[in-house]
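This report covers the salt bridges of one protein model. The sequence and structure are shown first.

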Amino acid sequence: QLQLVESGGGLVQPGGSLRLSCAASGFTLGYYAVGWFRQAPGKEREGVSCISSSGSITDYTDSVKGRFAISRDNAKNTVYLQMNSLKPEDTGVYYCAASRFTPVQEMCANPSYELDYWGQGTQVTVSS
């Protein structure tokens with residue numbers, strides 16, 4: 001079965017950290033650019049961070065720069081999002097998605113694009 005599966009979400013206090021994982025099965029994630037997106041209740045989905053297939057190009061939305069770090073381990077068919085100094089406004093469902101041909105910056109700037117694969121999402125709640 002061809003799918004992406006996110007994990008690592010949860011409830012964390014403001015200032016805390018979480019690491020999300022996006023694992024691919026049934027296909028080689030190393031051929032794909034991957035993005036992390038989030039959607040808060042009542043808000044549109046937004047691009048959080050994206051990474052090229054090789055990992056050499058990354059992109060972040062301004063609100064997470066300096067706090068979040070995207071990385072990938074193609075040998076493990078997995079992409080990660082390290083989230084530090086979390087704020088309540090980071091709360092939402094986080095999704096990962098993969099695209100074979102969409103450039104990284106274009107992927108993050110256009111969360112409504114029909115990308116090749118989407119995960120089911122993992123909830124992140126930042127609250128005291």
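## Arg67 and Asp90

In this predicted model, Arg67 and Asp90 form a salt bridge through their side chains, with an N to O distance of 2.8 Å. Arg67 sits in the loop between strand 6 (58-60) and strand 7 (68-73), and Asp90 in the loop between strand 8 and strand 9, so the contact ties together parts that are 23 residues apart in sequence.

Both Arg67 and Asp90 are buried. For Asp90 the relative accessibility is 1%, and buried means under 20%.

## Arg38 and Asp90

Asp90 also pairs with Arg38 in a salt bridge, where the closest N and O atoms are 2.9 Å apart. This pair links distant parts of the chain, 52 residues apart: Arg38 belongs to strand 4 (residues 33-39), while Asp90 is in the loop between strand 8 (78-83) and strand 9 (92-99).

Arg38 has a relative accessible area of 5% and is therefore buried, the cut-off being under 20%.

## Arg38 and Glu46

A salt bridge also joins the side chains of Arg38 and Glu46, at 2.6 Å from N to O.

## The network

Arg38, Glu46, Arg67 and Asp90 belong to one network, joined by salt bridges that share partners. In total, the structure holds four salt bridges, among them Arg67 with Asp90, Arg38 with Asp90 and Glu46 with Arg38.

Terms used: Residues numbered from 1 in each chain as written. Predicted model: local features only at pLDDT ≥ 70, side-chain atom pairs only at ≥ 80, totals over all residues. Heavy atoms only, no water. Buried < 20%, exposed > 50% of the residue type's maximum accessible area, 1.4 Å probe, protein only. Helix = DSSP H or I, 4+ residues; strand = E, 2+ residues; numbered from the N terminus.
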